[in-house]
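This report covers helix packing in one model.

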Amino acid sequence: HRAKRNATHHQRTDKPRNRGITMTTARSTNSDIYSQLNRYVTDYLTKHMYDANTPWPLRKIIRLPRQAELETHYAHIRTQDDAIRNWAQHYHCETSEKTKIISNGIVRQTSQLIDSVTIPDLDTALNIATPQTCKLYQREHQRAHTIANQFNLDENTSISIAKILKDHDDTDFNLITRAAHYFADHNTENMTPRMIPIPGFSAKWLGNATSNRRKAICKLLNREQLALNERPGEIRLRYLDTQHHNQPDLIVTQPWTNNTPHDITHIIIVENKDTYQAIPTTEHAICIFGSGHAATRIKTLLPWLTTTPNIIYWGDMDADGLEILSELRETGITCDSILMDTNAYKTYEPYGTKLDTKNKPLKTRTPKPTPKLTSNERNLYEQLCTGKNTTYLRIEQERIPINDAIAILHTQYQWKTTHHK
């Protein structure tokens with residue numbers, strides 16, 4: 001069993017550029033050697049899928065057995081070693097070996113066992129990896145190469161855009177690049193998304209400011225945002241005073257700057273429609289239907305609102321509701337929240353739910369930065385993201401008795417309710 005060590009590995013070095021990435025794994029007597037090696041290469045390509053320059057060669061350390069294990073299971077370990085050697089030869093990978101001494105108490109012999117395998121380059125790794133991983137890796141890097149050439153991008157930028165669009169099919173990817181070329185060559189400031197003359201392009205397809213399609217187009221063009229004439233959406237509200245409480249709701253679709261109300265002292269923004277309709281009659285007050293993240297439009301459509309002395313936000317006690325609260329404040333609206341802290345959660349926890357609106361289990365998430373939450377609100381937000389010290393990840397606003405909210409508005413914010421709707 002004596003064999004010469006490959007010359008390229010005879011002098012070892014600890015420099016990362018020569019060793020590549022190493023990983024030590026136990027050589028189990030029941031392990032599937034081929035599967036272990038194939039999985040290692042597949043996992044490495046997956047981990048470095050979106051690296052502009054993946055280091056090669058890749059060296060995998062094979063942990064040699066302890067002396068007692070070697071002498072007890074020598075025949076089986078020898079078979080494993082042959083399997084590793086055959087795998088390496090099949091994929092044209094180099095190996096290094098270490099001399100081990102085996103003794104049965106009477107006879108001593110030496111044996112060369114492989115202690116590392118080196119995958120020399122990307123082509124070899126793609127040949128080893130699963131077909132799905134190979135196909136995805138080639139697609140993503142081909143996309144990066146395509147947009148790098150078309151938009152004169154560096155490798156890091158182009159592969160980062162490919163990552164943004166990893167869940168988008170080729171039709172979508174091609175439409176995004178066509179759109180980017182159009183925005184680069186035309187002045188679109190006075191155009192709505194519907195006016196962009198590209199088949200398949202629309203406001204709904206493009207998505208909001210945080211959509212992956214928008215992000216990719218902006219990054220292709222090195223812009224902060226797209227120059228489009230986009231409608232700001234709409235906000236629904238109703239006056240709560242006695243004179244108007246039976247009148248239709250107001251729908252605001254453009255900034256309300258003329259003939260604005262001057263006697264409003266209290267505003268409450270609520271997340272859900274049931275609660276919006278249940279807020280009772282109150283003088284000098286308005287109720288705004290925030291409708292989730294649409295609440296971030298309020299500052300744009302109701303610019304006069306910021307001078308109102310008492311603004312309250314009340315939403316669901318869940319991660320989304322608290323993120324909306326922080327985003328609303330980030331737009332420039334100074335507001336307090338009610339029933340959105342740890343004390344409220346403890347009080348109304350029995351009303352919680354473990355399911356979303358589609359009856360699917362709610363999932364934990366990594367907390368995001370929420371710079372405008374108070375410390376108490378942030379504590380609840382982190383609990384509802386991680387599930388720590390909570391039974392339910394959501395307490396819906398409409399489950400909380402409306403009279404409890406009105407009592408808080410009365411005692412803490414001087415609301416004067418005249419009667420219930």
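The model is predicted: local features need pLDDT of at least 70, side-chain atom pairs count only at pLDDT 80 or more, and totals for chains, interfaces and linings use all residues. Residues are numbered from 1 along each chain as its sequence is written, and side-chain values use heavy atoms, with hydrogens and water left out.

Helices here are DSSP runs (H or I, at least four residues), numbered from the N terminus. Axes are lines fitted to C-alpha atoms over the stretch in contact, and angles run from 0 to 180 degrees between N-to-C directions.

| Helix pair | Axis distance | Angle |
|---|---|---|
| α13 (residues 319-330) and α15 (residues 375-386) | within 9 Å | roughly 140° |
| α6 (residues 131-151) and α7 (residues 155-164) | 8 Å | about 125° |

The angle of roughly 140° makes α13 oblique to α15. Oblique covers what is left after under 35 degrees (roughly parallel), over 145 (roughly antiparallel) and 65 to 115 (roughly perpendicular). The crossing of α13 and α15 is left-handed, with the near helix turned anticlockwise from the far one by less than a right angle. On the α13 side, A319, L322, E323, L325 and R329 make the contact, and on the α15 side E377, L380, Y381, L384 and C385 (heavy atoms within 4.5 Å). This contact has 7 nonpolar, no polar and 3 charged residues, where Ala, Val, Leu, Ile, Met, Phe, Trp, Tyr, Cys and Pro count as nonpolar, Asp, Glu, Lys and Arg as charged, and the others, Gly among them, as polar.

Helices α6 and α7 are also oblique to each other, and their crossing is right-handed, the clockwise case. Here E140, H141, A144, I147 and A148 of α6 meet S158, I159, I161 and A162 of α7. By class, the residues of this contact are 6 nonpolar, 2 polar and 1 charged.

Notes. Helix = DSSP H or I, 4+ residues; strand = E, 2+ residues; numbered from the N terminus.
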